[in-house]
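Here are a few exercises on aromatic rings and helix packing, each with a worked solution. Keep the model open and follow along.

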Amino acid sequence: MSVFWRWWAAGTSSDLGSAVGGVALPLTALAVLDATPFEMGLIAAAGYVAWLVIGLPAGVIVQRLPLRGTQIGMDLVRALAVASIPVAWWLGRLTVAQLVVVALTVSFAHVLFFVANTTFLPEIVSRDQLQSRNSLTSGTHATTQLAGPSLGGLAVQLLGAVPTLLIDAVSYLVSAALMRTLPARQQHRPQQPTPMGAMIRAGWAYVTRHPMMGPAMWSATASNFVSGAYLALFPLYLVRELHAPAGVVGLLLAVDGVGTLIGATLTTRATNALGTARGLIILGFAEAAGAFVIPLGTGWAAYLSFTAGVLIFAGTGVVFSVTTRTYRQIASPPELLSRVMATVRFVSWGAIPVGGLVAGALAGPLGARTTLLLFAAAAVLAPLALLCSPVRHHRDLVDTTAPEPAAVAG
């Protein structure tokens with residue numbers, strides 16, 4: 001098996017387990033610990049708050065560590081953290097606080113793993129294959145998001161919410177074992193020792209001054225703010241307001257994977273037809289429209305509306321993700337790549353826990369449906385960020401005025 005396919009298999013294993021855990025963890029909070037809406041928001045936020053804490057330093061940290069060793073270590077940390085939940089439950093000591101701590105631990109490990117993983121890919125794939133490999137990775141992620149929640153919902157019904165989390169823990173161990181077979185890769189380190197602060201500022205300045213990367217980052221931030229709210233609101237909406245059983249919850253949450261798979265499959269076709277820049281704006285407005293559809297209807301009509309809205313929101317979102325990630329990997333200087341990836345994730349994914357916390361706070365007094373409508377209005381900010389930037393003048397994400405690395409090295 002080639003290096004790429006072993007890398008792909010490792011990511012697929014952990015993604016599938018995480019998708020199963022993504023159903024089991026909120027159902028553990030709701031069914032086992034009777035968590036409040038605010039506690040659900042807190043758990044959802046904890047899963048992403050690490051991007052706010054170490055998102056910027058992560059690029060420098062990864063640049064100073066062995067790529068493969070970082071990935072393996074973070075897999076093992078995540079496996080131990082998730083496995084602690086069933087242990088505490090069997091001992092009768094499981095609390096919402098522990099779920100928050102586990103979500104935090106997994107979040108911190110995921111930040112370092114992601115930056116290392118996305119930096120590793122351009123080292124094993126040629127430049128002209130990057131978009132197709134990124135599309136394949138997103139499509140595979142979508143497939144695991146499709147199968148994982150369905151399997152997770154079924155496993156919760158058969159085994160219970162807490163024991164199902166063991167599937168997630170084992171998936172990280174499988175990923176670590178596969179990562180161990182990958183060859184080591186040399187990092188692009190500065191020729192002279194450079195303070196961490198200066199390296200962080202260089203990555204930050206490059207992204208924020210870039211006429212394409214900067215607006216795309218702010219657009220992704222608005223979209224992820226809404227996505228963070230969905231992490232907290234979807235289980236709450238489906239269980240408390242639509243009264244869906246666990247199996248149906250798993251199926252409905254799996255719709256996100258279907259939309260992502262469709263979007264990943266059509267990414268190249270869509271960007272060829274619309275242009276990589278113009279397409280992001282058009283599909284951004286389509287994504288916002290999907291957000292408005294999600295909370296409509298009652299009974300079976302609500303299930304259908306939820307399905308249609310999530311399909312649109314997820315499908316358009318993955319086109320944005322694949323297109324901008326590929327552009328960053330191609331356009332960024334190699335010595336800045338890990339810091340560029342970390343900077344964008346720090347800002348854009350830092351909005352996810354904020355969205356989760358705001359959603360949890362609003363859902364208590366307003367209800368999940370009304371809160372979903374409010375966040376649909378916020379989704380319009382994503383395409384507006386691009387429409388009000390130099391991106392609107394281009395058909396494709398091309399730029400000749402990006403700042404030189406040396407100009408921002410200090």
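Buried means under 20% relative accessible area, exposed means over 50%, and partly exposed is what lies in between (1.4 Å probe, protein chains only). This is a predicted model, where local features need pLDDT of at least 70 and side-chain atom pairs count only at pLDDT 80 or more, while totals for chains, interfaces and linings use all residues. Numbering starts from 1 along each chain as its sequence is written, and side-chain values use heavy atoms, with hydrogens and water left out.

**Exercise 1.** Work out how Trp5 and Trp8 are arranged as an aromatic pair.

*Solution.* Start with the rule: rings of Phe, Tyr and Trp (its six-membered ring) pair if their centres lie within 6.5 Å, and planes under 30 degrees apart count as stacked, over 60 as edge-to-face and the rest as tilted. Searching the whole structure turns up 10 aromatic pairs. One of them is Trp5 with Trp8, at 5.3 Å centre to centre and 80° between the planes, so edge-to-face. Next, the sequence: the two sit 3 residues apart in helix α1 (residues 3–32), so about one helical turn separates them. Helices here are DSSP runs (H or I, at least four residues), numbered from the N terminus. Finally, Trp5 is partly exposed because its relative accessibility is 34%, and Trp8, at 25%, is partly exposed too.

**Exercise 2.** Is the pair of Tyr237 and Phe306 stacked or edge-to-face?

*Solution.* The ring centres are 6.4 Å apart and the planes meet at 25°, so Tyr237 and Phe306 are stacked. The pair links distant parts of the chain, 69 residues apart: Tyr237 belongs to helix α9 (residues 213–241) and Phe306 to helix α12 (residues 299–331). Now check burial: Tyr237 has 0% relative accessibility and is buried, and Phe306, also at 0%, is buried.

**Exercise 3.** Describe how helix α8 (residues 196–209) packs on α9.

*Solution.* Take the axes, which are lines fitted to C-alpha atoms over the stretch in contact, with angles running from 0 to 180 degrees between N-to-C directions. The α8 and α9 axes lie 5 Å apart at about 90°. Since 65 to 115 degrees counts as roughly perpendicular, that is the label for α8 and α9. For contacts (heavy atoms within 4.5 Å), Tyr206, Val207 and Thr208 of α8 meet Met213, Gly214 and Met217 of α9.

Note on methods
Parallel < 35°, antiparallel > 145°, perpendicular 65-115°, else oblique.
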